[in-house]
Amino acid sequence: MAGLNVSIAFFFLVVGVCQVLRQLSKRLLSPGVYGCLARELAASLQLCTSCLELRMLAEIGLWGGGFGLDVVLTLLFLLFTVHGASFDGASASPTVSVQEFLLLESNLTATAAKLLAQGAGMGIGWAVTKLYWSWELTHFHLIQNLIASECSSSIRTPLHHAAFVEGTCTFLFHLVLLKLHQSHPMYQVPALATTVTLLTYLAQPFTGAFFNPALAMVVTFQCSGNTFWDYIQVYWLGPLTGMLAALLLYQGNIPRLFQKNLLYSQKSKYKIPKARVAAHVEGDKPRRKRTGEKSSSEPQA
């Protein structure tokens, strides 16, 4: 349990340092630079370091530490709950940033800046975690350093199935994200954390369950077992396709590309209450009757 306690302390330290970076950059930088660069870089750094350490615990701790999968999944849920509460609106995910661009919530320059910041944050997170592992504070880290040079691919299923798994996970995640977009963080954060935990539990045996292209690029692209193009298909094309499918299903169109709703008929924004319609119809009946009586009496005059 000593190794697990060190990892938990590392999680707290990473979140604390990234929170300080967010507060300092918010004070020193303009809102635009903070939102597109500093906020995304801090969130990506926090996500990458946490996921690398958690991945190490999942691979080594199950047999080296004697704790079960329930410990890893509990930590995953708690971490993503903390991430959702502390990210300050950042996504740390290329698919989410591209979705915002397609929804006309972000322009091309801001989206490109976010993608660059996410890549830089993931790279810094990878370097920081490697340095932390080199200190070998626990026997987990000692084993990790021994096997790091011989890491194997996270794809443990045929390529088309792996791409389908990553795309499906991204599709379901983005459906939940779109549904909860306007919800209060009190409901949104635990719901997204639960979704990520469940999808990870289901997909981890097949692809490692990243459904985040930037995170997958840092963690598994350098491992042997698959080509660079294989990784691109599974961890970039799969998630981007899943995001587009979720957006199209939820919105009925992609606002950046199509003005017309492709799936759902447009309904009037303003609806007349049924009671008012019924009263209007009933009010017309005597009027038509009086009109008829007048016309029938005119010839008699």
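**Salt bridges, loops and a kink**

Guide: Happy to: a search of the whole structure finds three salt bridges, a salt bridge being a side-chain nitrogen of Lys or Arg within 4 Å of a carboxyl oxygen of Asp or Glu. This is a predicted model, in which local features need pLDDT of at least 70 and side-chain atom pairs count only at pLDDT 80 or more, while totals for chains, interfaces and linings use all residues. Residues are numbered from 1 along each chain as its sequence is written, and side-chain values use heavy atoms, with hydrogens and water left out.

Visitor: Which side chain meets D88 in a salt bridge?

Guide: That of K26, at 3.2 Å from N to O. D88 lies in the loop between α3 and α4 and K26 in helix α1 (residues 2-28), so the pair ties together parts that are 62 residues apart in sequence. Helices here are DSSP runs of H or I with at least four residues, strands are runs of E with at least two, and both are numbered from the N terminus.

Visitor: Where do E59 and R55 sit?

Guide: Both are in helix α2 (residues 31-64), four residues apart, about one turn of the helix. E59 is partly exposed, at 36% relative accessibility.

Visitor: Switching to the backbone: what is the phi of D88?

Guide: It is positive, about 60°, although D88 is not a glycine. For background, most residues other than glycine have a negative phi. E136 also has a positive phi, near 55°, and is not a glycine. You'll find E136 in the loop between α5 (108-134) and α6 (139-147), where it is partly exposed at 39% relative accessibility.

Visitor: Now α8, where does the kink lie?

Guide: At Y201, with a bend of about 40°, shortly before the proline P205 in helix α8 (residues 185-207). That bend is the angle between axes fitted to the seven residues ending there and the seven starting there. After α8 comes G208, whose phi is positive, near 90°.

Visitor: What do the buried residues of α8 pack against?

Guide: They pack against α3, α7 (159-179) and α10 (228-251), where contact means heavy atoms within 4.5 Å. Among those buried residues are V189, L192, V196 and L199.

Visitor: Last one: which residues does T111 touch?

Guide: Leaving out residues up to four places away in sequence, T111 touches S97, F101 and S106. T111 is in helix α5 and is buried, with a relative accessible area of 6%. A polar atom of the T111 side chain also lies 2.8 Å from the backbone oxygen of N107.

Terms used: Buried < 20%, exposed > 50% of the residue type's maximum accessible area, 1.4 Å probe, protein only. Polar contact = N/O pair within 3.5 Å; in protein donor to acceptor, adjacent residues only side chain to side chain.
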